[in-house]
Each structure stands twice: as structure tokens, then as C-alpha cells.
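Opening the notebook on a new model today.

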Amino acid sequence: SALYVLPPGFVESTCRSRIFWMKLNKHLLQGKFFQLEINDPYAGPILLDEKLASRCGYVLSEDVWGNPVFRASVLGCHVTNEADELFSLTVNIKVSSFSSMRAAVTYTYPMYCSYSFWASREILCEENYMEVSVKTDVPAVSNDYTVAWMSALPETQNVAYQLWQLMFVSPSGRKRITVSDAGKLGYSFNNTLSRVYLRAPYHSNESDVSPVSGVNMNMVTSTSMYRQRWLLLLIDTTVSCPVDGTRFTDTALTWTVPSVIPTLVVQESTFLSKNILMGVDGQVIVNPEEKNYLLEHNETHIGITIPIGAEGGQLKSSISGGVYGVIYSIDLFLEHTWTDADWQTTKYTVIRSITTPFMPQMPTVTNNTLPEERLFNVAFGRFLPDVSLVAIAIGNVPFTLREAQHHGFKIYETPFSNRMKEFILEVSFDDPYVLKEYVNRNETKYTLLVNYTVSVGPEMTLWYHSAEVECVIADIEVPEAVGYCDEENLYLAIPTFGLHQYWNLYLGNKLLNRHVVLTNGYLAATNSTHLILQIPLFATGVIYEDVSFQKIKARFDVTLRKVRTMETLQMFSVSCNFNSSAFIICHPDGTIMVSAQMKTVPAIDMSKTKLRDSSCKPREYNEGHAFFKFHVTTCGTSARFEGDHIVYENEISYEKETLPGQSVPTITRDPDYRLTVLCYYRAKETLVLGAFASDPSTSPAFGSGTMVARSNTAAYRRIRQTLNVVSRVSKDDSFVEFYKPNVAILKRPLEPVFLEVEMKDESPNAELYLENCWVTGSLDFNNAPRWNITVDG
């Protein structure tokens, strides 16, 4: 593949202490694949992989922002070293649009590092390897050659001549191997002009993990040995690095490293801490407190505390198990320099990338609704900048943001000083997608159902959250009715706003609809604002609160009920006093009230009128009227069935006058005044008479009454038993065979009775007219109850 010039801003690099540090710009790699090659000046390009990285002192990872990061030790493989002071490393960056890396573009990037202030011992704890390098200045020795020193250390007896060897000491024992064998186990050992270094992977077979001041340390205890003639070189190449030490709270993370590591400091009494530095993202932080970082140290620990969300790290949104939360990551390093009797100076560097566990942060929906403006204002948050609103659904109707704005919803973001933000949604109460429900007496409950779709984090994971926001406001005026009357009718005027939408009108338990209005003889008319209901005085449903002589106090009630719940909100009543010269009122408890008007010529004395039972006299009277009040079970009232009605009948008449005769009164004259009173009750609505508990003054009348007047003519004269009249009951319609007198006759309902009435009197002035025949329980003419056999002849 050809070589290309690097795009500007694609790579940035630095030399931090003794580490090459290179970062690639993720935005310029968007949608691309890349590989790194180490360009060895002698062997050519070598592809970087994980195994090579840990053995050769390389790290390939990402920073907290997702930019690829490459780090290399200046003592790493393929690094050109000039006198342990100048170091160079060339990297090939290969970029391709394909995962197979075909048609790759290769950028060659050389890096240089200058580092001459080496400590006696330098230890580097990288993410994937541990490295120790030791100064090997050998003092001049005397020419006295002796082999006695060979016996000083038993292990040295077998050290190969002019060959480096490694001695590992672990809980499983001692192991002495050559440098080449150590390489096969993942170690890297070599020497430079003035130093020896050992690089070891974490958790090798020769390593041991043990706690130091509560922090687990991964330790490789080793001695590097070299023998040449009279020189036996034994170098302590022990290395120990922390493998944990991080802890988290809701607000901060703390990273702890031991101050004194016993395997690295043999004589703790001579230990002296010289300098402690901390860094973030490869940069030394000179004044940590300015960035709210806390760097603490005492005899046992060095601690770095970083507030969650602090500058230098990245707070990232994430979804875990369907829950929204955040993760905070930061790249730290710690550099501790100390002296002790054994080592003069040790520089101890630890690089650690720290990521908090997933921290759930359930967003909240805040209702900032303004009832007086009839506007829902709903805030949804708080979120990090890496969350964006993608779509909403209102009342389960989906909208893209563009569609939502076009429809009239208002959507915008509100930022906060801590870089968080909220999504604000404004929707009018009167929007068709807002649910409206009439509640309580005069209130509407407006409900906004919102489903949010948001894109979360760099991965742009879609996440959904639903909310229900309610607002109840008193924005409905419950109607008030106006009542008035004329001479014959009651009227109710009711505002039509909300009728049938929120409320219905009821007459008792019946919905007051067109059918009920028509069948009850009411009249209903509507104008632009009101429904006017006209109710005749004697119509069904009128309540007679007080009935007296020529005066009626009547009331009509209509109930306002909620459409859905049938809950009563208001009772509309109109009540008036009426002057009525003639009326009949049939109460549901069987009470009948009649105001009878005198229409005879000449006039009669109304005080002498009566019902069939002559003991039933008028309650009140004057020259032209008589007022009766009686029960259907009294005063000689008769009953009969007519279709699905029971008809109760009585008669108002003038008292019989006796005409003078020869010696004893023999002839009675029919009254000059007769008025038939009829009350109709629906049979299925009639309860057992006398068992009514209701007060007639508060119960709506459901009986209807009529009065039939009889004219005062000779044709209506009637002969009573004092005349020579005989009646017999025939066994059939042939009128040949008759039942014997004073014998009980059994007849079924609706079975015909064949009655013969004969007047034996031969007076030329006598005529027989048969009007009413009835049966009573005794010989008493006025006994009750009585059952009609014939009516009106």
C-alpha cells in the first residue's frame, strides 16, 4: 500500500516521562477500520497484537472519549536507543474502509523521546504489563582473582558463563531459566548501555498476589544474574504493581496505592518519600485542588479522589437492563519518587484507566403546567449532552420532531450549568390529542399521555419512557335553570351548553328525551342558548305540594345528572300556585282530590253534595264549588281493569230529595247534580293500596283523572227499590232458566252475567232506565267495596 501524508489533526503525540504517548482522532476514523504496525528499522513492519504488546511494552486502548491511544515504553521492542538518552519509534497507521483491511491507506508516523534523568530504579505499572529497569554501574574491582566468592551464594554456582539468567521466587518455589526461555513465558529481559530491565505480564505463573495496606499487589520476585570471569552480577529485578484499589460512591471515585511496598523497600526505616505527582490523560496536574481533585498521602497510602463528572474525565449515558444511567471514566497516572538505603532513588509510575460501575439515574418528568394559560409544560430530564430526543408520541399517536413542531407542539431543550439538560414539551389543553374528562361538579381533567424516544450515549441506543400528566381545572359552568308559570303551565328554561356532552336531564329515573316529552304531553323548544320546557299543570310528573279548595301549589322537578356516572349535580324545580275552578288529582298512594264546580240550573246547595258513600261530604265548599279528598278504598269507590290500567270510579251527587206521597214516602227523586270521578293508574305500577309510605305532597302523581258531568234532564230519572222492580240472573242468554233468589252464584273473572230487570209498576208516568248495577258484600245499598256489573246501562 502507498504512503500518504497525515490529515491535519489526525494524530497528536507527546513524550511523557519515559513513555511514547500517541492519540488518534476518532472523528477522522468514523466508519473506518485501522491497524497499527511497529516499523522496526531492521526487520520492517510488525503487526501489533495483544501478546506482542504486553511483552514488548506497548498499550493500545481508547481514552475516555473513545479516541484510540497508543503508548510505548522507551525500553520497548523495536525502539531505537541512543545512549539511554534519545529514543525513537516509528508507527505505521493503516486505515481502510473494509474490515479485511484491503485497499488500506498507510500513514507513517515517527515519534521521538528524550529522557536522561533516570532513577537508580524505575518501575512502570502499565495496564497490561509491569516493567522494572535498574542502573548497572559496576564499580572498579581489584585484580586479586579468587574463586572463593563462588561459594558465597549456592545459586551462583550454576550460572552459565557470559550468559544472563533469571531466578524467580514464588510460593511454589524457585525457578532459574535463561532469558530466551523467559521470553517464551511472556517476559522480556534485556540490557542497555547502563541499565537492565525486566518486563512481566500480570498474573503469570511466577507471580503472586498479596495485599499491601488493603490493596492487592501483583508481584514478580526475581533476581537477574550474570557471570563473567571474576564478575558475578546479581540484580534485584523484583516488580510489584496494584491490581485494585478503586472504590466508588454516588458522588466520587477514589484510587488508592500503598505508600510503602515491602518487597520494593527492604529497610522501611530508611524509606523517605520525595515527590508525588498525579496526572490525567497523560498530563501532570500541578494544582489538583483547582480542578476539585484531591491528592492525599500518609505513611501507608496515597489516595486520589475525583468527583463523579469532574473535568478531565467523561460522563457517559448508558442503558443497562432497560434502565437509563451514567458511567464516568477517567485516565489517571500516579508518579511516586522515594529513596531508601538500598536503592538511592526509585521512581514508581502507575497508569490506570478507571470506569465507575453503571449508576442508574431515573429521569423525572416534571409537571410545570400553567392552568391559567391552558398549557401543559412538561420537563423531561435530566440528561447528559450525549442524549437527544428523537421522537414523541402524544396520546399514542407518533410524531417525529419535525411533525410535532408542524402540528403545533413546542419542543425545546433547557441547558444547566453542570452540562446537564432537560427536554421541554408544551401542548395546549385544547389539542385534539389531549384526553378530556368531565370530573367533579364543574371541572375538566386534561390528561397528556407522552411517550418519549431518546437516543442514548455514543452508541445511540434507543430508549423509551412514557409519562402521564394530568391537570384538573374548574373551567365548566354548571347551568342554572329559570322557572316561571302561566295560568295553566309550568316552564323551565335551562342553558343548553354541555347538555348531552357533560350532563343529561332526568325526570325521576327517566332520561328526558324527545319520546318522554311527547308521550307526557310536554312541549320542548330550543333557542341558541336555552332549552325551554313547558309542562301542563295536570301532566304526569307534576308534584302537588298543597291542594286545597280552588288552589293548587304545584311543582315540577328535573334532575341534572352526569352523562357517564349518573351522579346528580343539580335539581331544577319550578313551583307555582294555581287557581283552578275544577280539577281532579290522583295521588300514587290512592288519595283522590277533587274540586267540583256547580253547573246546574237552578243552583244547588254544594254543602249537600256527597260521594257514593253519603257519609263522605265535601271538606270545603262555597256557592259554586265543593272540594273532596278521599282514598280509593273508601267512600264507595269502585275499581275495574281497562287494558293495562286500573280505573277507580266514584260519583259526586246531590243528596236525594224525598217527594211527598199519600202516607209514607215511596218515591225518591234522582239528584239534580251528578259528577263521575275516574282515576286511571297503570296496573303494573300500582302497589297494595293502603301500603303506600310516601307522602302524597312529595310524590309525583302517576294516576290520571277525569270528571264526567251528567246533565239535569228527565231522561236521567232513576227508580230505586221502592218501586216495584224485580231483578233476576239468568243461567244463559236464553233468559228461560233463572237462578233462585238468595243463592250464591259463582262466576269466574270476565265470565258474562245475564241480568234481567223488570218493572211491574203500571203507572203511565213511570219509565225504566237501567244505568249502573253493582254487587256489594251485604244488603246495604252503600256498602263498600262494590263491583260494577253494568256501567252507563
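My entries below go from the whole chain down to single residues.

**Ground rules.** I am working on a predicted model, where local features need pLDDT of at least 70 and side-chain atom pairs count only at pLDDT 80 or more, while totals for chains, interfaces and linings use all residues. Numbering runs from 1 along each chain as its sequence is written, and side-chain values use heavy atoms, with hydrogens and water left out.

**Whole chain.** I counted secondary structure and got four helices and 62 strands in the protein chain. Both are DSSP runs numbered from the N terminus: H or I with at least four residues for helices, E with at least two for strands. Next I looked up burial (buried is under 20% relative accessible area, exposed over 50%, partly exposed in between, with a 1.4 Å probe and protein chains only). Of the 793 residues, 45% are buried. The chain exposes about 41,200 Å², and carbon and sulfur atoms supply 52% of that; the areas come from the Shrake-Rupley method with a 1.4 Å probe, and for residues only the protein chains shown count as cover. For contacts (heavy atoms within 4.5 Å), I took those with a separation of 6 or more, and 62% of them join residues 24 or more positions apart.

**An open sheet.** Which order do its four strands take? I read β30-β31-β35-β34, with antiparallel pairing; two strands pair if DSSP finds at least two bridges between them. From one strand to the next the twist averages 25°, using axes fitted as lines to C-alpha atoms (for helices, over the stretch in contact) and angles from 0 to 180 degrees between N-to-C directions. I then checked β34 against β35 (residues 421-428): six bridges, in the antiparallel sense. Ile 411 has Leu 425 of β35 as its bridge partner.

**A covered strand.** In β57 (residues 674-682), I found seven of nine residues buried. β57 pairs with β54 (residues 645-654) over nine antiparallel bridges, and His 645 is bridged to Arg 682 of β57.

**Two single residues.** Is Ile 285 buried or exposed? Its relative accessibility is 11%, so I log Ile 285 as buried. Ile 285 lies in β23 (residues 283-285) and, leaving out residues up to four places away in sequence, touches Met 278, Gly 279, Val 280, Lys 291 and Tyr 293. Thr 453 sits in β37 (residues 443-456) and counts as buried because its relative accessibility is 15%. With sequence neighbours up to four places away again left out, the contacts of Thr 453 include Ser 388, Val 390, Leu 462 and Trp 463.
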